[in-house]
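The tour goes stop by stop.

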Amino acid sequence: ITRAPWQPGVSDNHECLERSARGGFEYPDPTAGSTISTCIYIDPNPIANLNNEGHNYFLSQNPYVLNSYAGFGEAYYNITKDVKLTAGLRWTEDRKHFVLLPSQLAVDGWGYPSIGTLEQQWDQLTGRAVINWTPKLDFTDQTLVYGSFAHGYKAGGANPPGAVLLEDAAHQPVHPLTFDPEFVNAFEVGTKNTLLDGALTLNANGFYYDYRGYRISEIVDRTSINLNFDAHVKGAELEATWEPVPGLRFNFGGGYEDTRINNGEKAVDLMDRTDSANHP
């Protein structure tokens, strides 16, 4: 099988012991043993238009095809004149087809052959519920008090395979083949207020996010893989706007946030190997 055209001065075949009739390189025959020498194909294309057929550069790719289908709906109900309930549901089906391509450099043969494929599918039901209360208060022009809960989901996937190392064939890097979906239960309460005939707005909220399988990216072997951790985020925010006279406005915004992964879970930050905390 002819794999690449012969190009003088770029990949001239002068070190090849075997060549196809049309002057191209042939992918090594795994049954031929070690008696036949093969060439490393040099990609003749410029760096902006590489064709992924040469081992003279490092290639890291994780191609996949995603088919995602979803159906959703939302309903509203006025419990009382000033209390409104909103509820919604969403069904999602995600299908992923991965082609597993290990990164390679300075190895025999031509191109970056796949080592297999991986099929994945997830079916998830998510949703949210919100309750709004709009009381009539003497000291505000308008007031909204709300509370919400949402259950969210993000599909998982496959990590790029470990690199193929010519110099150490017995100890090839092994990456986690897949990573799990990410789920979150999000709780929030807050209030929004308008005062002083619209001159002052005052908003505040508190939140808590409980993650299962929170996704963290990590650089390993010059490529990026994904890992999963359980974690939580909690915090509060306050913002205000005051316009005492037209054209003069004061803004204030502040917040507090506390994030933490669950006890016993950690990953080494390879971009800062002196970091003794070993956090993701």
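A residue counts as exposed when its relative accessible area is over 50%, and as buried when that value is under 20%. Keep in mind that this is a predicted model.

**Stop 1: the loop between strand 7 and strand 8**

Select leucine 196. This residue sits in the loop between strand 7 and strand 8. Is leucine 196 buried or exposed? Its relative accessibility is 55%, so leucine 196 counts as exposed. Now check the backbone. Leucine 196 has a positive phi of about 55°, although it is not a glycine.

Next, select aspartate 197. The loop between strand 7 and strand 8 holds this residue too. Aspartate 197 has a relative accessibility of 77%, so it counts as exposed. Its phi is positive as well, about 55°, and aspartate 197 is not a glycine.

**Stop 2: asparagine 193**

Step back into strand 7, which covers residues 182-195, and pick asparagine 193. Here the accessibility is 12%, so asparagine 193 counts as buried. Which side chain makes a polar contact with the side chain of asparagine 193? Show threonine 191: its side chain is the partner, at 3.1 Å. Then display the contacts of asparagine 193, leaving aside neighbours within four places in sequence. Among them are Thr140, Gln142 and Thr143. Leu200, Thr201, Leu202 and Asn203 are in contact with asparagine 193 too.

**Stop 3: lysine 96**

Jump to strand 2, residues 83-100, and select lysine 96. Lysine 96 is buried, yet it has no salt bridge. What is the nearest side chain of opposite charge? That is aspartate 94, 7.1 Å away. A salt bridge would need a side-chain nitrogen within 4 Å of a carboxyl oxygen.

Now show glycine 156. Its backbone oxygen lies 2.7 Å from a polar atom of the lysine 96 side chain.

**Stop 4: the largest nonpolar core**

Which residues form the largest nonpolar core? Select these six: Ile216, Val220, Ile225, Leu227, Phe229 and Ala267. Strand 8 (200-220) and strand 9 (223-245) are the elements that give two or more residues to this core. Strand 9 gives the most, with three residues.

Technical notes
Residues numbered from 1 in each chain as written. Predicted model: local features only at pLDDT ≥ 70, side-chain atom pairs only at ≥ 80, totals over all residues. Heavy atoms only, no water. Helix = DSSP H or I, 4+ residues; strand = E, 2+ residues; numbered from the N terminus. Buried < 20%, exposed > 50% of the residue type's maximum accessible area, 1.4 Å probe, protein only. Lys, Arg positive; Asp, Glu negative; His and termini not counted. Polar contact = N/O pair within 3.5 Å; in protein donor to acceptor, adjacent residues only side chain to side chain. Contact = heavy atoms within 4.5 Å. Core = buried A, V, L, I, M, F, W, Y, C linked by side-chain atoms within 4.5 Å.
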